[in-house]
Amino acid sequence: MHSCAPTDLRGAAPNETIRVLLERRSIRAFSPDPIDPASVQSLESAAQHAATSRYFNEWSAIRVTDPKIAQAIAQEAGQDYIVQAPLLYIFLADQRRNADLVAAENPDADMDADSFNLNSSYVFLQSENDAVLALHAMETAAYSLGLGCVILGSVLNDPDELIELLQLPKLVYPVLGLAIGKPAQGPALKPRMPRPAQIFENSYRRPSEDEIGEALSDFDETVFRYYRDIRHMDAPRKTFRQIIADKAFGQENAHHPMAPSIERQGFDWTR
Ligand SMILES: Cc1cc2nc3c(=O)[nH]c(=O)nc-3n(C[C@H](O)[C@H](O)[C@H](O)COP(=O)(O)O)c2cc1C
């Protein structure tokens, strides 16, 4: 297994789209300049044109413009830069709209019946997929306009509080946030692992011990050097395997279970 970073095309990207994708990095400091309305429209249209499972259009997004709501989200997420960003979206898995359409079409429809499908685990996962694809389209569009973004899993630190804050009805569940703005920092690209360790041919391939020893060790070193020499972050300087090993166990690294709140929103994990 040889080292082959996905960024190895940089400088020779075959087109502008791929250059934007290869130069993407998370931005966590934003200038206060607002984003012009035409750009906001472009970003939202790009999101809406993402693929959607079975054409169900089973995602929504909330543009958060109320500073009090943004502040509450930032506080819960423990990430100040969320309020700095001039544009903030929370992407949602959304079967509410489709269920309402069904009810409008057939007022006798029984949404508690076993035959009701819009609350199944499959549909929930497809809604999550839709939301993530839409978010990613918006993220890429933002970078192509010279903006920067950070995806926010931290908005799910307390899903119930977010659900209440955003008044999400049943059959709607928060997926991720996306903070967007003009970058006020230029962080170095974070290294990626050797491609053969991540992209396989025809079947799953666990690396042999030798391969882990060689190629992934190189990657480990690269990650360590990245934090030590390039990023100069307060973050502990660790190899990749230390980062994973340190978080693999322990109460403080465990996210509290999400299934109960997903079920409270009306999705049925068992179906
Ligand atoms: C699903 C998901 C959730 C994330 N959540 C957060 C977050 O809550 N806060 C944050 O600062 N970065 C978050 N990130 C950004 C990752 O930390 C970042 O993508 C990763 O460290 C790689 O760095 P890069 O984006 O600069 O290449 C998230 C990324 C993804 C894909």
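Among contacts in the chain (heavy atoms within 4.5 Å) between residues at least 6 apart in sequence, 81% join residues at least 24 apart. The model is predicted: local features need pLDDT of at least 70, side-chain atom pairs count only at pLDDT 80 or more, and totals for chains, interfaces and linings use all residues. Residues are numbered from 1 along each chain as its sequence is written, and side-chain values use heavy atoms, with hydrogens and water left out.

**The chain as a whole**

- The chain has 10 helices and four strands; helices (H or I, at least four residues) and strands (E, at least two) are DSSP runs, numbered from the N terminus.
- Read from the N terminus on, the elements follow the order α-α-β-α-α-β-α-α-β-α-β-α-α-α.
- Taken along the principal axes, the C-alpha atoms fill a box of roughly 65 × 45 × 40 Å.
- The chain has 271 residues, and 37% of them count as buried. Buried means under 20% relative accessible area, exposed means over 50%, and partly exposed lies in between, with a 1.4 Å probe and protein chains only.

**The annotated domain**

- An unreviewed UniProt entry carries the annotation "domain: Nitroreductase" for residues 22–182. UniProt positions are given in the numbering used here, feature names are shortened, and annotations may be inferred rather than shown by experiment.
- The span of residues 22–182 is 43% helix and 17% strand, and its end C-alpha atoms lie 19 Å apart.

- Strand β2 covers residues 87–94, and eight of its eight residues are buried.
- Leu-87, Tyr-89, Phe-91 and Ala-93 point one way from β2, while Leu-88, Ile-90, Leu-92 and Asp-94 point the other way.
- Strand β1 (residues 59–63) runs antiparallel to β2, and five bridges join the two. Two strands pair if DSSP finds at least two bridges between them.

- Gly-181 is part of strand β4, and Gly-181 counts as buried because its relative accessibility is 0%.
- Not counting residues up to four places away in sequence, Gly-181 touches Phe-30, Ile-35, Pro-86, Leu-147 and Gly-148.
- Gly-181 and Cys-149 are 32 residues apart along the chain, and their C-alpha atoms are separated by 6.5 Å.
- Ala-184 is found in the loop between β4 (172–181) and α8 (209–231). Ala-184 counts as partly exposed because its relative accessibility is 49%.
- Ala-184 is in contact with Ala-29, Phe-30 and Ser-31, leaving aside its neighbours within four places in sequence.
- The C-alpha atoms of Ala-184 and Ile-27 are separated by 8.1 Å, although the two residues are 157 apart along the chain.

**Gln-126**

- Gln-126 is found in helix α6 and is buried, because its relative accessible area is 14%.
- Leaving aside neighbours within four places in sequence, Gln-126 is in contact with Ser-53 and Glu-58.

- Asn-57, in the loop between α2 (37–48) and β1, has a positive phi near 50°. With a relative accessible area of 31%, Asn-57 is partly exposed.
- Leu-171, in the loop between α7 (159–165) and β4, has a positive phi near 70°. With a relative accessible area of 7%, Leu-171 is buried.

**The second largest pocket**

- The second largest pocket has a volume of about 270 Å³. A pocket is an open set of points on a 1 Å grid over the protein atoms alone, where a 1.4 Å probe fits, with protein on both sides within 12 Å along at least five of seven lines. A volume is the space filled by probe spheres set on the points, which are joined across faces, edges and corners.
- The second largest pocket is lined by 18 residues, where lining residues have an atom within 4 Å of a point.
- Val-20, Glu-23, Tyr-143, Ser-144 and Leu-147 lie nearest the centre of this pocket.
- Helices α1 (16–22) and α6 (121–144) each supply at least two residues of the lining; the largest share, four residues, comes from α1.
- The lining divides into six nonpolar, seven polar and five charged residues. Ala, Val, Leu, Ile, Met, Phe, Trp, Tyr, Cys and Pro count as nonpolar, Asp, Glu, Lys and Arg as charged, and the others, Gly among them, as polar.
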